[in-house]
Amino acid sequence: MAKRTFSTLEIFLIFLLVMMTGIMVALLSLLFVTSGTIENHTGLPTTQIPPATQGPTAIQASPTPSTPEPTLFQNFSGYHIGVGRADCTGQVADIILMGYSKTGQNAQGILTRLYSRAFIMAEPDGSSRVVFVSIEIGMVSQRLRLEVLNRLRSKYGSLYRRDNVILSGTHTHSGPAGYFQYSTFVIASEGFSNRTFEYMVAGIMKSIEIAHANMKPGKIFINKGNVDGAQINRSPSSYLWNPQSERARYSSNTDKEMVLLKMVDLNGDDLGLISWFAIHPVSMNNSNHLVNSDNVGYASYLFEQEKNKGYLPGEGPYVAAFASSNLGDVSPNILGPHCINTGESCDNANSTCPIGGPSMCIAMGPGQDMLDSTQIIGRIIYEKAKELYASASQEVTGPLASAHQWVNMTDVTVWLNSTHTAKTCKPALGYSFAAGTIDGFGTLNFTQGTTVGDPLWDSIRDQALGKPSEEIKECQKPKPILLHTGELSKPHPWHPDIVDVQIITLGFLAITAIPGEFTTMSGRRLREAVQEEFATYGMLNMTVVISGLCNVYTHYITTYEEYQAQRYEAASTIYGPHTLSAYIQLFRVLAKAIATDTVANLSSGPEPPFFKNLMAPLIPNTVDRAPVGTTFGDVLQPANPKYRVGEVVEVTFVGANPKNSAENQTHQTFLTVEKYEATSATWKIIHNDASWETRFYWHKGLLGHSNATIQWHIPDTAQPGTYRIRYFGHNRKQNFLKPAVILPFESTPSTFDVVTTW
């Protein structure tokens with residue numbers, strides 16, 4: 001191997017990394033309290049596990065639900081169906097966005113709000129029910145899941161449990177971080193934000209509560225169809241490592257099929273939909289700083305606006321969820337990877353460019369910019385869903401069931417055949433993890449497809465974190481280990497050992513809750529295995545859906561063959577080369593238990609921990625200040641007197657930190673666009689900050705000063721007339737020796753006209 005040389009920039013970055021590592025270790029030592037920080041999420045000591053945790057069907061003495069159970073009408077054919085949607089946005093400033101792990105990609109405003117969408121299905125007699133929640137966040141963290149389950153138990157007793165509630169993240173990379181408990185993610189989030197965590201938990205709970213309160217008799221119909229022109233495989237060279245005989249069974253290296261559930265009441269009136277389709281919500285790239293729901297969120301927006309006529313975005317009874325699936329190696333940036341400096345393709349095993357290396361290799365979407373690409377891809381998904389929804393005629397019938405286990409994924413014995421076994425590994429991240437992907441490359445000059453470690457980086461790791469054991473290095477081969485996270489426990493474990501495996505079934509539909517990102521072929525293998533297991537025990541022709549990013553996040557899951565290539569997805573398969581085989585084995589157990597009606601005999605498995613005293617956010621709270629002679633909300637740059645359709649209205653105000661609004665929620669939006677109605681002499685709100693036509697930018701200054709800029713991109717549908725833009729915010733105030741308070745304010749600048757011609 002040729003001796004590696006380093007540029008001046010790389011030497012500086014290495015020095016900086018060493019210094020930062022030392023500082024981080026010192027900070028962690030100071031900021032964490034490591035003794036007495038593990039709690040059972042029930043609030044009881046770990047030795048006092050309540051009966052409900054012993055199996056999915058066990059019943060404990062439960063607290064009385066705080067709301068009465070709705071009376072269910074029993075004499076009908078179908079299911080009781082409840083749908084609900086609630087805001088779960090959290091902070092939109094002074095917090096890093098979760099997904100790209102790019103230092104400096106902090107939230108600086110909002111493009112769209114984020115929502116939790118809940119669906120409850122119950123049998124006519126109410127004997128069994130299941131809950132599916134799709135949440136517009138990067139992924140569901142274990143801490144989030146445990147807290148929601150705890151609050152559901154406090155409110156509803158044993159009605160909603162770990163076995164019959166699935167929480168699934170859409171995987172938008174433009175949502176706030178800070179809601180995790182394992183150290184890898186806490187560090188990547190630059191601390192734990194209790195403000196954002198509580199906002200998310202409250203939003204998820206509210207969506208379930210709305211669905212619970214609105215349950216009514218109805219029917220569910222299923223439809224399937226291929227979505228064309230929305231995705232590519234971002235690791236096609238890894239996909240080619242799979243056996244040719246297996247690849248020959250499929251016409252594409254991505255799963256193009258969308259599975260859609262249409263929900264209506266007994267009168268045929270629309271209630272909602274759930275759609276599963278494999279696509280990464282990374283149309284908004286890592287230069288974005290506005291919180292938003294990305295391409296699948298835009299599809300939800302279009303469908304809900306179509307069905308909720310007359311309502312503002314985020315309002316109205318109809319709920320449309322576009323949930324994640326086996327999206328691990330699937331990109332929406334359909335123009336593919338090109339060297340941004342030369343224009344030539346860099347669709348190679350290492351995603352590198354001849355000049356500039358991997359940092360020059362970037363995949364682009366179909367639009368003029370990332371927001372245009374987001375809307376193009378989102379509309380393609382929406383149009384296919386609209387088509388499938390209109391033609392859905394196959395009714396979902398049959399009993400409801402659910403099965404769940406907690407599993408120690410670091411110690412699963414995998415049966416390769418009748419005589420040979422293998423084991424899963426303690427978690428570790430490989431070198432190619434640091435390289436990133438064509439959707440968002442890493443900060444340092446790491447390369448995908450790396451199968452040999454670098455002595456310099458190994459030395460830096462060993463000095464900062466200690467050496468990985470021979471056991472973990474051998475188990476993870478051919479992955480060269482960059483971070484041996486499974487052997488790092490200070491201040492808390494760096495990755496989860498205990499993960500959820502879960503299946504819920506509605507008649508002939510099985511929803512598998514995957515705690516990570518399956519690649520295309522991984523998803524195909526799991527679906528086929530679960531379907532075979534159901535068939536073996538008499539449940540024939542089951543439709544199996546992969547639901548991704550559920551319950552706890554464990555990075556990626558590749559096939560054994562893809563693992564050998566060690567591109568980004570394989571380097572991020574933390575439990576080693578046999579991870580997929582272990583999951584297939586575990587989900588077979590759940591399928592068999594449902595098919596043979598032996599779910600009650602399943603062991604619950606080892607309960608996961610719930611950590612306290614997590615690292616505080618690195619960005620402190622500061623008092624907001626308005627410049628001398630001004631007050632919060634004063635207009636610094638007013639709107640023009642007149643605009644035409646297609647132009648952009650822009651107003652700048654004296655601002656305050658938007659993260660305050662995640663604590664004091666006096667105002668539910670940062671902005672409104674309002675039209676004057678002359679006939680009633682009133683102002684009608686036509687847009688808010690959940691609208692894709694608006695943008696809210698926050699510009700942070702020094703010593704608590706800031707500006708807020710609101711844009712309205714006037715759509716073709718805008719009617720001529722008189723308009724105004726309003727700004728709503730909260731400022732943090734603190735008097736000497738008194739606790740800080742957060743105060744609401746609002747601003748209504750002068751009006752402007754929208755005309756069709758000058």
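## Contacts and overall make-up

In this predicted model, residues 24 or more positions apart account for 77% of the contacts in the protein chain with a separation of 6 or more. Of the 758 residues in the chain, 58% are buried. The secondary structure consists of 14 helices and 40 strands.

Helix H7 covers residues 294-307.

H7 is mostly covered, with 11 of its 14 residues buried. These are Asp-294, Asn-295, Val-296, Gly-297, Tyr-298, Ala-299, Ser-300, Tyr-301, Leu-302, Phe-303 and Glu-304.

## Packing of H7 on H8

Two packed helices are described by the angle between their axes and the distance between the axes. For H7 and helix H8 (residues 370-391), the angle is about 50° and the axes are 7 Å apart. The two helices are therefore oblique to each other. H7 passes H8 in a right-handed crossing.

On the H7 side, the contact is made by Asp-294, Asn-295, Val-296, Tyr-298, Ala-299, Leu-302, Phe-303, Glu-306 and Lys-307. H8 contributes Thr-374, Gln-375, Ile-377, Gly-378, Arg-379, Ile-381, Tyr-382, Ala-385, Lys-386 and Tyr-389. By class, the contact has 10 nonpolar, four polar and five charged residues. Among the H7 residues in this contact are Leu-302 and Phe-303, and both are buried.

## Packing of H11 on H14

Helix H11 (residues 520-536) and helix H14 (residues 579-595) have axes that come within 9 Å and cross at roughly 30°. That angle makes H11 roughly parallel to H14, and the crossing is right-handed.

From H11, the residues in contact are Ser-522, Arg-525, Leu-526, Ala-529, Val-530, Glu-532, Glu-533 and Phe-534. They meet Leu-580, Tyr-583, Ile-584, Phe-587, Arg-588, Ala-591, Lys-592, Ile-594 and Ala-595 of H14. This contact divides into 11 nonpolar, one polar and five charged residues.

An α-helix has 3.6 residues a turn, so residues three or four places apart point the same way. The H14 list includes Leu-580, Ile-584, Phe-587 and Ala-591, and the H11 list includes Ser-522, Arg-525, Ala-529 and Glu-532.

Methods:
Residues numbered from 1 in each chain as written. Predicted model: local features only at pLDDT ≥ 70, side-chain atom pairs only at ≥ 80, totals over all residues. Heavy atoms only, no water. Axes fitted to C-alpha atoms, helices over the stretch in contact; angles between N-to-C directions. Helix = DSSP H or I, 4+ residues; strand = E, 2+ residues; numbered from the N terminus. Parallel < 35°, antiparallel > 145°, perpendicular 65-115°, else oblique. Left-handed = near helix turned anticlockwise from the far one by under 90°. Contact = heavy atoms within 4.5 Å. Nonpolar A, V, L, I, M, F, W, Y, C, P; charged D, E, K, R; others polar. Buried < 20%, exposed > 50% of the residue type's maximum accessible area, 1.4 Å probe, protein only.
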